[in-house]
Structures are given as C-alpha cells and as structure tokens.
Amino acid sequence: MNAVFENIFLRRSVRDYKPNDVPDDIIRELIKAGTYAPYAPYPTRDQPRRFVVIKNREMIDRLSERAKKLWLDMSTSSDPEIKRPENVMKALKMPEFNIFYNAPVLILMFAMPHAYTSHEYDCAAAAENMLIAARSLGIGSCWIGLGMPLGSDQNTLTELDVPEGYRLMVPLIFGYPVKDVETPPPRDEDVIFKWMP
Ligand SMILES: Cc1cc2nc3c(=O)[nH]c(=O)nc-3n(C[C@H](O)[C@H](O)[C@H](O)COP(=O)(O)O)c2cc1C
C-alpha cells in the first residue's frame with residue numbers, strides 16, 4: 001500500500017499519551033500541513049486559519065477543567081441542542097477525566113473573522129491533513145470536540161491572546177502513543193448512493 005493510503009487507513013484517535021515532548025519543528029510542520037489543505041477563496045484572499053499551540057502541562061490541565069465546567073454549566077440549559085449523551089456527562093463530572101487525555105500538545109485552530117460560511121470546512125480539511133501528517137511521523141492525535149466551549153469563553157481567549165473576532169473551530173491533541181493503536185474497525189462499504197458510468 002502506498003504511504004498516503006497506509007496513513008489514512010491506519011490512523012486512529014489516540015487517548016493515551018507518553019509525556020515525551022513533541023519537538024517544536026515537528027509541530028510547525030504539522031501546522032504547515034494544515035495550511036496546505038484547500039480553503040474557500042474569500043474576497044480578501046486571506047488564508048482563513050490561525051493556530052494557538054499549548055505545550056504547558058499546567059495550562060492544558062486548567063483548560064480541560066474549564067471546558068468541563070462550561071459543559072456542565074451548559075447542561076442545565078433547556079436547549080436540546082447542547083444536551084450531551086449520558087456517558088459523556090458522567091465523564092465530565094469525574095475529577096480525574098482530562099478531556100485532552102494528558103497529551104503533551106494541544107493545538108487550537110481558529111477561523112479568521114471574515115471567513116464566512118465555509119470556515120468549518122476550511123478548518124476541518126486542515127485538521128485532517130494534520131492528523132494524517134502526524135500519523136506519518138509516528139505521532140498520535142485526537143480531535144477534541146469537548147474543547148469547543150473554550151472558544152466562547154472570553155477569559156480563555158484573552159489568556160491565549162486570540163485577536164478579536166477569531167472563532168475556535170478545531171481543538172486537536174498530539175503526542176506519542178503509549179501503545180500501538182488498534183486497527184480501525186472496518187468502515188461501511190456500501191456508501192455510494194449511485195454510480196453512473
Ligand atoms: C468533530 C469531532 C469531534 C470529536 N470530539 C472528540 C472528543 O471530544 N473526545 C474524543 O475522545 N474523541 C473525539 N473525536 C474523535 C472521534 O471519537 C473518533 O474520530 C471516532 O470515534 C472515529 O474513531 P477513529 O478516529 O479512531 O477512527 C471527535 C471527532 C470529530 C470529527
């Protein structure tokens with residue numbers, strides 16, 4: 001199998017990390033891989049993604065606690081949109097649960113303020129590039145949707161020096177996996193609605 005397909009087919013979300021540092025030059029390469037993903041052509045032609053890199057253990061732990069609290073506060077809302085599954089709510093209440101799984105690197109990807117409807121696609125495409133690039137270097141990763149409430153938390157945005165108007169789109173963690181990740185479960189094969197030769 002060629003290396004690109006191998007990395008796509010064997011990538012798994014990693015939730016158990018060694019404490020070992022991921023070198024800064026590798027993190028920069030991962031971000032560069034993200035910026036090479038396609039993006040919608042905005043009127044200004046600016047490239048729409050910006051990143052915050054956090055390697056500080058104490059800060060990552062603190063952000064995990066903050067996100068958990070924000071979820072739990074939101075869960076009292078009557079809006080069904082923000083109801084979480086029971087098992088997630090249970091985990092969020094556990095003091096030992098770290099939403100970032102003690103990974104040594106947290107990268108928050110933001111969309112620029114003028115990025116209109118396609119900002120989610122732009123950032124998702126960049127994220128996948130980063131996850132696959134990481135796998136190719138033996139680095140584990142996981143997309144952490146549970147980190148999203150941090151993007152609406154002004155204290156967090158101020159602490160991270162995020163300029164006004166930038167929106168958090170994708171929280172990602174990276175690090176060296178404790179053990180080899182399992183082979184992914186087979187995906188649905190029957191995914192094509194129609195094929196018109
Ligand atoms: C938008 C999005 C949000 C996710 N949020 C979380 C999360 O908060 N915590 C987590 O452990 N995994 C999270 N994941 C990872 C998924 O659980 C995982 O990709 C999925 O179960 C498929 O498994 P695989 O990545 O090993 O192939 C998220 C994935 C996506 C795409």
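Analyst: Start with burial. A residue is buried if 20 or more other C-beta atoms lie within 10 Å of its own, exposed if 12 or fewer, and partly exposed in between, with C-beta atoms placed from the backbone. Helices (H or I, at least four residues) and strands (E, at least two) are DSSP runs, numbered from the N terminus. Now the case here: seven of the seven residues of S2 are buried. This is a predicted model, where local features need pLDDT of at least 70, side-chain atom pairs count only at pLDDT 80 or more, and totals for chains, interfaces and linings use all residues. Residue numbers start from 1 along each chain as its sequence is written.

User: How many residues of S4 are buried?

Analyst: Eight of its nine residues are buried, so S4 is largely enclosed by the rest of the structure.

User: What is the order of the strands in the sheet?

Analyst: First, the rule: two strands pair if DSSP finds at least two bridges between them. Here four strands form an open sheet in the order S1-S2-S4-S3, with antiparallel pairing. S1 (49-54) and S3 (140-143) are at the edges and have a single partner strand each, so one side of each lacks a neighbour in the sheet. From one strand to the next, the twist averages 25°.

User: How many bridges join each pair, and which residues stand opposite each other?

Analyst: Go pair by pair. S1 and S2 (residues 105-111) are antiparallel over six bridges. There, arginine 50 faces phenylalanine 110, and valine 52 has leucine 108 as its bridge partner. S2 and S4 run antiparallel, joined by seven bridges. Isoleucine 107 is opposite leucine 172, and alanine 111 is opposite arginine 167. S3 and S4 pair antiparallel over four bridges, with glycine 140 opposite glycine 175.

User: Which strands does helix H5 lie across?

Analyst: Helix H5 (residues 119-136) lies across S1, S2, S3 and S4 and runs at about 5° to S4. Axes are lines fitted to C-alpha atoms, for helices over the stretch in contact, and angles run from 0 to 180 degrees between N-to-C directions. Residues are in contact if their C-beta atoms, placed from the backbone, lie within 7 Å.

User: Is tyrosine 121 buried or partly exposed?

Analyst: Tyrosine 121, in helix H5, is partly exposed, with 16 other C-beta atoms within 10 Å.

User: How do H1 and H5 cross?

Analyst: Two packed helices are described by the angle between their axes and the distance between the axes. The axes of H1 (residues 3-10) and H5 come within 9 Å and cross at roughly 105°. Angles under 35 degrees count as roughly parallel, over 145 as roughly antiparallel, 65 to 115 as roughly perpendicular and the rest as oblique. H1 and H5 are therefore roughly perpendicular. Ala3, Asn7, Ile8 and Leu10 of H1 make the contact with Ile132, Arg135 and Ser136 of H5.

Terms used. Two residues are in contact if their C-beta atoms, placed from the backbone, lie within 7 Å.
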